[in-house]
Amino acid sequence: MPGVYNVTLIVTRGSCSDTTQQTVSVFSNPTTSFISPDTVCAGDSVHFTNTSAFANTFNWNFGDKTPFSSEQNPIHKYDKPKKYSIILTVATGKCIQTVKKKIVVLAEPIADFQLRTTSPCVGVALDLQNRSEEHTSELQSRFGISYAV
């Protein structure tokens, strides 16, 4: 049980005795966990939310060879697309726990399309070709109209 305790040692030899006492602090084992997105875009700021309990020191390894962070809820930016392992180590006194979680950093998509119909009439469908890098299956015009490609 966590708390502060007095430990007493009594030594006897025949009718002689001696007593000594020391104070010991017993800490709770920390539980380690955090919340972060599973997937982000390269260059975006990632907010890490520490949900650990009974911890008073924090050590974040973001898996990208940048310096560690000792903030409780850090913000980190990944520059390169890749899968990274984040390791959070927390401690209370000498009680240490670690948790590991993965994050996927995606390349930023580059939007590009060709409008094959340059002067459409009302009621005539636009003819679009998606030429975007890392493209999705949908284009959205600045007028808020979506077109499947």
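Reader: What do β1 and β2 form, and which residue in the turn has a positive phi?
Author: This is a predicted model, where local features need pLDDT of at least 70, side-chain atom pairs count only at pLDDT 80 or more, and totals for chains, interfaces and linings use all residues. Residues are numbered from 1 along each chain as its sequence is written, and side-chain values use heavy atoms, with hydrogens and water left out. Strands here are DSSP runs of E, at least two residues, numbered from the N terminus. β1 and β2 form a hairpin with two residues between them, and the turn residue with a positive phi, about 65°, is Gly-14.

Reader: How many bridges join strand β1 to strand β2?
Author: Two strands pair if DSSP finds at least two bridges between them. β1 covers residues 3–13 and β2 residues 16–26, and they run antiparallel. The number of bridges joining the two strands is eleven.

Reader: Is Leu-88 buried or exposed?
Author: Leu-88 sits in strand β9, residues 82–92. Buried means under 20% relative accessible area and exposed over 50%, with partly exposed in between (1.4 Å probe, protein chains only). Leu-88 has a relative accessible area of 0%, so the word for it is buried.

Reader: What kind of aromatic pair do Phe-34 and Phe-48 make?
Author: Rings of Phe, Tyr and Trp (its six-membered ring) pair if their centres lie within 6.5 Å; planes under 30 degrees apart are stacked, over 60 edge-to-face, and the rest tilted. The structure holds six aromatic pairs. In this one the centres are 6.2 Å apart and the planes of Phe-34 and Phe-48 lie at 65°, so the pair is edge-to-face.

Notes
Helix = DSSP H or I, 4+ residues; strand = E, 2+ residues; numbered from the N terminus.
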